[in-house]
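Me: I would like to go through the charged pairs in this protein and ask what the labels rest on.

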Amino acid sequence: MAHPFILRRWSAWAPGLLDQTDWQSPAAGRRPAEDQAPPALQYTPKPLQRRLSPLARAAFFVIEQCLAPGERLAAVFSSSHGEIGSCLDMLQDLQDGEELSPTAFSLSVHNAIAGLYSIAYANQLEINCLAPAAAGLGPGFIEALGLLHSGHDEVLLVFYDTVLPNFFPTPGYASSLAYPCAAALRLALDGPGLALAFAPADSTRQDGEQPLQLPAFIEFLAGDRSHLDLGNGGRGWQWRKL
């Protein structure tokens, strides 16, 4: 069963790819750029910006392109690995006998970026945080569409992932890009925007986890293709432009 929705606005970032035009070149999201620094933020309060990791800064950059300052939407945050590099650093500190910083710990948990979003936008609406692992992009859409059908007029869906530290094995797994990537989608059930349909699909595809699926999805939004199939580990998803 296909689930129609409207994409009101979207934004995506990877190193060297700042806007929708950048993503329109062939295989745009599969080329690592030399400049890995996230862009400067315009609306996020300065004191809060000092608490943002590079990954959080990338997520806030794409959010700023989709929301007006102070605007509040229910949101879904989806990341395969979150701030896994910070978690690894703290584990190594413990191994060395050092004490953990409470602030560093609070900013390393999987819902840290979602929590900072709620602070920055004074948002008390529903915010869900996912770790989809091998399921890829699909669970984020399922959760966001569920919020829309429960009564929210619009929902913000944010995907973000960074590079896995070398500590973690990569041969045999398809779980990390060589560079960070983030995207924000502003979804509704009706009104103006790009009409899309999302559906689970039987699939034997092996497109990897969310970090590897995300550039392909952004290129689909920016390009002329009418449909996109992605899958991993027996879980498949399909998007169609209506």
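Reply: A salt bridge is a side-chain nitrogen of Lys or Arg within 4 Å of a carboxyl oxygen of Asp or Glu. This is a predicted model, in which local features need pLDDT of at least 70 and side-chain atom pairs count only at pLDDT 80 or more, while totals for chains, interfaces and linings use all residues. Residues are numbered from 1 along each chain as its sequence is written, and side-chain values use heavy atoms, with hydrogens and water left out.

Me: Why is the pair of E154 and R186 called a salt bridge?

Reply: The closest N and O atoms of E154 and R186 are 2.7 Å apart. The limit is 4 Å, so the pair qualifies.

Me: What parts does the pair of E154 and R186 tie together?

Reply: E154 lies in strand β4 (residues 154-161) and R186 in strand β5, so the pair ties together parts that are 32 residues apart in sequence. Strands here are DSSP runs (E, at least two residues), numbered from the N terminus.

Me: Why is R186 called buried?

Reply: Buried means under 20% relative accessible area, exposed over 50%, and partly exposed in between (1.4 Å probe, protein chains only). R186 has 6%, so it is buried. E154, at 17%, also counts as buried.

Note on methods
Helix = DSSP H or I, 4+ residues; strand = E, 2+ residues; numbered from the N terminus.
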